[in-house]
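Subject: Structure for your files, with notes

Dear colleague,

Please find the structure below, followed by my notes on what was found in it.

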Amino acid sequence: MRAMEDGMFPSTPGKVKVDRAAHTAVQRQLHRCFASTTTMFLWALFLVALTASYLSFQPFVDTGSRFLSASWGGIQWEHQVRASALPRRPGAPSVLVTGAAGFVGSHVSLALARRGDGVLGLDNYNSYYDPSLKHARRLRLAEHGVLVVEGDVADAGLLAKLFDVAAFTHVMHLAAQAGVRYAMENPASYVHSNVAALVVLLEACKDADPQPAVVWASSSSVYGLNDQVPFAESDRTDRPASIYAATKKAGEEITHTYNHIYGLSTTGLRFFTVYGPWGRPDMAYFSFTRNILQGKPITVYRGKDEADLARDFTYIDDIVKGCVAALDTAGPSTGNGGRKRGPAPYRIYNLGNTQPVTVPGLVGILEEHLQLKAKRNVVEMPGNGDVPFTHANISMAQRDLGYKPSTDLNTGLRKFVRWYLSYYGYQRGGKNV
Ligand SMILES: O=C(O)[C@H]1O[C@H](OP(=O)(O)OP(=O)(O)OC[C@H]2O[C@@H](n3ccc(=O)[nH]c3=O)[C@H](O)[C@@H]2O)[C@H](O)[C@@H](O)[C@H]1O
């Protein structure tokens, strides 16, 4: 535009005299030279763009929906995923563990990796509780050759990619929005993680070839207002007391549907208040320990008529054994590529300890291990989804999984307190720790 205004081309024809022949020759020369340089430049540009797109923007190409948020993808990443998912002993499973940076997920991943299974973790490192604890668990897994991919289970593109890169024989689905009382504050997060993400995962599983067997975390909370004691798998589970419980119950129905339509092998495990080292800071035993050590009061809920609340607290090592046994005994899925070929197992098991302890009883044990008195603030249980007690009947898990919990609350809390003091850098150990 400027060139024309500046008179490079005469605005009035005939004002500039030029030697037409000489001008044409120069033009041809210039054109040839310009054309070859431009061609070379364009080729170079094309090759650079091609390489960059393959190396760095793989997910962008694959999903089309992950603009500028590519924390996964690329040749190097695929290589790491494949290596982590590869079994270290012949015939061992290759397991995708969701929620691998979580409490139960990290322990199960470690147990599987230690015996030579291929393990690939997936976790979104959300901030429901301190993500630095999740990253510390991730580092622990990395020391054992387990990669934890950062991503959400609800990301269908990521799941399709993972199943494309690795042939998982099993999925251990432990990612969830946990916590009973938080569901009143943020119900949408429960629907997202425990319902929507579960459906995305099962879609990926039924499409996969081979279809993996799925083992996943349900919850003792599905028993809700059930008052048959101890809770057996055959008891009513149609009266949930919290949104958390309702989403876990929905998961049991959803897995049934995928089992029925697509021949997916599914095993739901109803965990009973799991505790132990590397645990969840939102849970009572963990937050009570923190407050007691810091000299802060703790709130102890009490039921109607001043009855103490009780839980069938279950130690993490026992839960891990139950999870691994569920994986080892899961029959195969029968379908492939979205087609059912025959019936597949649909299983549900309680994984509890069978010895409920009251909440004041739990506080007493912590006081003993910490050698500190708790400042108890006893209040009536608010109507926020809690149930007065839980108690597992584990005969089915005993029969089919060989599940036999062996850690009582006193022993388990001693181990927890020892871990807590060391992890958070307390110099002074309490009694027995
Ligand atoms: O089995 C499950 O399916 C669930 O177990 C766990 O839920 P809960 O059994 O509710 O555990 P947790 O919060 O430790 O409260 C324990 C007791 O302390 C009482 N409690 C709690 C907090 C408090 O400040 N005061 C108090 O008295 C409280 O009233 C209760 O009586 C998991 O969090 C959940 O994700 C799910 O897995």
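In what follows, helices (H or I, at least four residues) and strands (E, at least two) are DSSP runs, numbered from the N terminus. This is a predicted model, in which local features need pLDDT of at least 70 and side-chain atom pairs count only at pLDDT 80 or more, while totals for chains, interfaces and linings use all residues. Residues are numbered from 1 along each chain as its sequence is written.

The chain as a whole

The protein chain contains 14 helices and 13 strands. Of its 433 residues, 42% are buried, where buried stands for 20 or more other C-beta atoms within 10 Å of a residue's own, exposed for 12 or fewer, and partly exposed for what lies in between, with C-beta atoms placed from the backbone.

The ligand

The ligand is surrounded by 18 residues, of which the closest are Ala178, Ser219, Met283, Ala284 and Tyr301; a residue counts as near if its C-beta atom, placed from the backbone, lies within 6 Å of the molecule. Strand 8 (residues 297-302) supplies the largest share of this shell, namely three residues. By class, the shell holds ten nonpolar, six polar and two charged residues, with Ala, Val, Leu, Ile, Met, Phe, Trp, Tyr, Cys and Pro taken as nonpolar, Asp, Glu, Lys and Arg as charged, and the others, Gly among them, as polar.

Helix packing

Two packed helices are described by the angle between their axes and the distance between the axes. The axes are lines fitted to C-alpha atoms, for helices over the stretch in contact, and the angles run from 0 to 180 degrees between N-to-C directions. Angles under 35 degrees count as roughly parallel, over 145 as roughly antiparallel, 65 to 115 as roughly perpendicular and the rest as oblique. A crossing is called left-handed if the near helix is turned anticlockwise from the far one by less than a right angle, and right-handed if clockwise.

Helix 7 (residues 156-165) packs against helix 8 (residues 187-207) at an angle of about 30°, the two axes being 10 Å apart, which means that helix 7 is roughly parallel to helix 8. Their crossing is right-handed. On the side of helix 7 the contact involves Ala156, Leu159, Ala160 and Phe163, which meet Val200, Leu201, Glu203 and Ala204 in helix 8; seven of these residues are nonpolar, none is polar and one is charged.

Helix 5 (residues 103-114) and helix 11 (residues 316-329) have axes 10 Å apart and pack at an angle of about 60°, and are therefore oblique to each other. Here too the crossing is right-handed. Val104, His107, Val108, Ala111 and Leu112 in helix 5 meet Ile316, Ile319, Val320, Cys323 and Val324 in helix 11, a contact made up of nine nonpolar residues, one polar and no charged.

Helix 11 also holds Asp317, which is partly exposed, with 17 other C-beta atoms within 10 Å. Leaving aside residues up to four places away in sequence, Asp317 touches Gly276 and Thr407.

For helix 10 (residues 284-293) and helix 12 (residues 359-370), the axes come within 10 Å and cross at roughly 45°, so this pair is oblique as well. The crossing of helix 10 and helix 12 is right-handed.

Backbone details to look at

Two cis peptide bonds deserve a mention. One runs from Asp209 to Pro210, with omega near 10°, and Pro210 sits in the loop between helix 8 and strand 5 (213-219). Another joins Val229 and Pro230, with omega about -10°, and Pro230 lies in the loop between strand 5 and helix 9 (243-262).

Thr273, in the loop between strand 6 (266-271) and strand 7 (274-275), has phi near 30° and is buried, with 22 other C-beta atoms within 10 Å. Thr354, in the loop between strand 11 (346-351) and strand 12 (357-358), has phi near 80° and is partly exposed, with 16 other C-beta atoms within 10 Å.

With best regards

Terms used:
Contact = placed C-beta atoms within 7 Å.
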